[in-house]
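Morning, everyone. Let me put the model up, and then we will go through the sheet and some helix packing.

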Amino acid sequence: MDVPLNTPQQGRGLVLVRRQPPNPQSLMETLKARLQRSCRCSVPRAWALVQDLVPVTRWLRQYRPQEDLAGDIMSGLVIGIILVPQAIAYSLLAGLQPIYSLYTSFFANLIYFLLGTSHHVSVGIFSLLCLVVGQVVDRELQLAGFDPSQDGLGPRDNGSTLNSSAATLEPRLQDCGRDCYAIRVATALTLMTGIYQVLMGILRLGFVSAYLSQPLLDGFAMGASVTILTSQLRHLLGVRVPRHQGPGMVVRTWLSLLHGLGEANICDMVTSGVCLLVLLAGKELSDRCRRRLRVPLPTELLVIVVATLVSHFGQLHKRFGSNVAGDIPTGFVPPQAPDLELMWRVALDAVSLALVGSAFSISLAEMFARSHGYSVRANQELLAVGCCNVLPAFFHCYVTGAALSKSLVKTATGCRTQVSSLVSAAVVLLVLLALAPLFRDLQRSVLACVIVASLRGALRKVRDLPQLWRLSPADALVWAVTAATCVLVNVEAGLLAGLLLSLLSLVGRTQRPQAALLARIGDSAFYEDAAEFEGLVPPAGVRVFRFAGPLCYANKAFFLQSLYSLTGLDAGCSAASRKTQGLELGAGEGDPMEGKDPVSSGARLVPMAAGFHTVVIDCAPLLFLDVAGMAMLQDLRRDYRALGVTLLLACCSPSVRDALQRGGFLGEDQGTEEEQLFPSVHSAVEAGQARHRELLATNSAL
């Protein structure tokens, strides 16, 4: 209710005067105004739009070479050196040739340099996304008649090995071998993923990633890491086992590994053991000496270089049958549009990739922006990551996203802007044009070791589960269910299960918030939970009830249940019972209440059977009030009045006050707003006690 400006203030203290809201526009007027603003064209507006869509045009003009260039070059070189071995290794996960991973790393760094808003995020190949890409590629290869156990690596022809269960290839695949069809599937999946992300950015859906909570993402990373580790064990051991698909893939892979353990390659096992020991020791040393080392130890590059030399001069492939990377061509192949039919077949698979990639990219961008004192735009990040998938899909690349480990390395090595991504792209380009064939004799077991060592951080998150359980059992349950579903079913089902459980947890916390009776802290005007704190003084004849959540259709029953349980009086049943008794009395003896105010008469005649005469609801935690909650409050007030109990509200927010006003709760027949709403709990308690004293005096006079 608006307070007039000329309201007298004598004896009333301060008066809060609400500003008059502007006259609301109609829907058509609002749409017309927005359309006019959007369609207005000028050179400054066009340039501002270009700067918003291509942020490099804005920040590059403010670039300070003397302060930023050295750190950007250093971090770019380090990331480029890390990218090369990881790109070759992650091709095992995706089931593709190593050259396509190098293409992906090059284009992702180049495009994010132009479109990204974060200064420190490293966008490129990401193990979790590679895992999903590999699973989709394997499924489509099997459906097309290829043998998915044949990796896209090795010194052999273009993978035309057929599945024994398939008689012939589809006619359109007669001129396309295994590796050719695998990259077709990957590019179709990449384009669909990028389209989803770009649409999310255009529709301003950056907030959607917020529903993928951190416990969900951590549990997903843990479950996917176990899946990745399982998929790489066959390379670590040199065992040829089928690449299982569908639910229970991890369990079936372990059973196959145990069954074929006797056929393990001794050379691969020894190589894996030595490389894992060196890689893990190098990472541990880098973590412990992080403050002393200006640049992280390039352990992956050293291991790959040494292992390549040993494999080449020791002829491990010929002498011991150790699987190697095979021929890696140089240069770029002509661009090719993704297959439209395959795009429709993988459209559903692209949804989980788009959500996971967007969530990780936005969360990492916001994390680094907060720690370094600048801001990022979530919707522009969606556009940037989406373009990192849409455009490279025509150049034989697969799905990319922001990677935490490489982003941390960029920050630790002095990265200041995305110029470092340009330097990293230059390093990868050098490898693409000249150095790629040098890795021909690199063992696949070494690449698997690089992948497994990169999972160290994600696998160690299991140690955080006990602390998470102590902080929030609901979040810990989301973490555990997501991880377990990823391992026992598949990663897509794990993401879906975690998302559903997170939403159910959010709904559950809203539907059953904490409720408590408050008592006075000594002689002060403050009130707290009487069950949580000792020595509090309950106000005489008054019950103060706090409901720490919104009041809506979903929790109105829990509100009443909590209120009746804590106060010891079921107002609804008691009012209905008293009404029934009154009707029976009226039928037998006439209506003695005729001509009297039922409320005042009830207040005078009904004793305090429950031990209180006033109920004060602390509305400070009440976030919002819907129609069902409003109707419930009106019914509650009617029931209390029938029992001679006064219902008062305290500490209502402006939005709740407006809802009460619009819903008719503050009607003129119910008294003025000042008689029903109070600025503090203490003022409501005092008002309730004063009214009861007046009522007692009136009853005594009668």
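Start with strand 3 and strand 5, which pair in the antiparallel sense over four bridges. Strands here are DSSP runs of E of at least two residues, and helices are runs of H or I of at least four, both numbered from the N terminus. Two strands count as paired if DSSP finds at least two bridges between them. Leu 517 has Phe 545 of strand 5 as its bridge partner.

Before going on, a word on the source. This is a predicted model: local features need pLDDT of at least 70, side-chain atom pairs count only at pLDDT 80 or more, and totals for chains, interfaces and linings use all residues. Residues are numbered from 1 along each chain as its sequence is written, and side-chain values use heavy atoms, with hydrogens and water left out.

Back to strand 3. Strand 4 also pairs with strand 3 in the antiparallel sense, over three bridges. Ala 519 is partnered there by Glu 528 of strand 4. The hairpin of these two strands has six residues between them, and Gly 522 takes a positive phi near 60°.

Six strands form an open sheet, the order is 4-3-5-6-7-8, and the pairing is mixed. Which strands stand at the edges? Strand 4 (527-529) and strand 8 (677-678); each has a single partner strand, so one side of each is left without a neighbour in the sheet.

Strand 6 (614-618) and strand 7 (646-650) run parallel, joined by five bridges. Thr 614 stands opposite Thr 646 in strand 7.

What lies across the sheet strands? Helix 23 (residues 556-567) lies across strand 3 (515-520), strand 5 (542-547) and strand 6. The helix runs at about 145° to strand 5. Axes are lines fitted to C-alpha atoms, for helices over the stretch in contact, and angles run from 0 to 180 degrees between N-to-C directions. Contact means heavy atoms within 4.5 Å.

On to helix pairs. Helix 5 (98-115) and helix 17 (419-435) pack at about 155°, axes 8 Å apart. They are therefore roughly antiparallel to each other. The cut-offs: under 35 degrees is roughly parallel, over 145 roughly antiparallel, 65 to 115 roughly perpendicular, and the rest oblique. Helix 5 passes helix 17 in a left-handed crossing. Left-handed means that the near helix is turned anticlockwise from the far one by less than a right angle; right-handed means clockwise.

The contact includes Leu 102, Phe 106 and Phe 113 of helix 5, and Leu 422, Val 428 and Leu 432 of helix 17. How do its residues divide? Into 13 nonpolar, four polar and no charged. Nonpolar covers Ala, Val, Leu, Ile, Met, Phe, Trp, Tyr, Cys and Pro; Asp, Glu, Lys and Arg are charged; the others, Gly among them, are polar.

Next pair. The axes of helix 8 (214-237) and helix 9 (249-259) come within 10 Å and cross at roughly 25°. That makes helix 8 roughly parallel to helix 9. The crossing is left-handed. Among the contact residues are Thr 227 and Arg 234 of helix 8, with Trp 254 and Leu 257 of helix 9. The division is five nonpolar, three polar and one charged.

Third pair. Helix 10 (266-288) and helix 11 (299-314) have axes that come within 9 Å and cross at roughly 160°. That makes helix 10 roughly antiparallel to helix 11. Helix 10 passes helix 11 in a right-handed crossing. Cys 275 and Lys 283 of helix 10 are among the residues making the contact, as are Glu 300 and Val 303 of helix 11. This contact divides into four nonpolar, two polar and two charged.

Last stop, helix 14 (347-372). Gly 373 follows the helix, with a positive phi near 75°.
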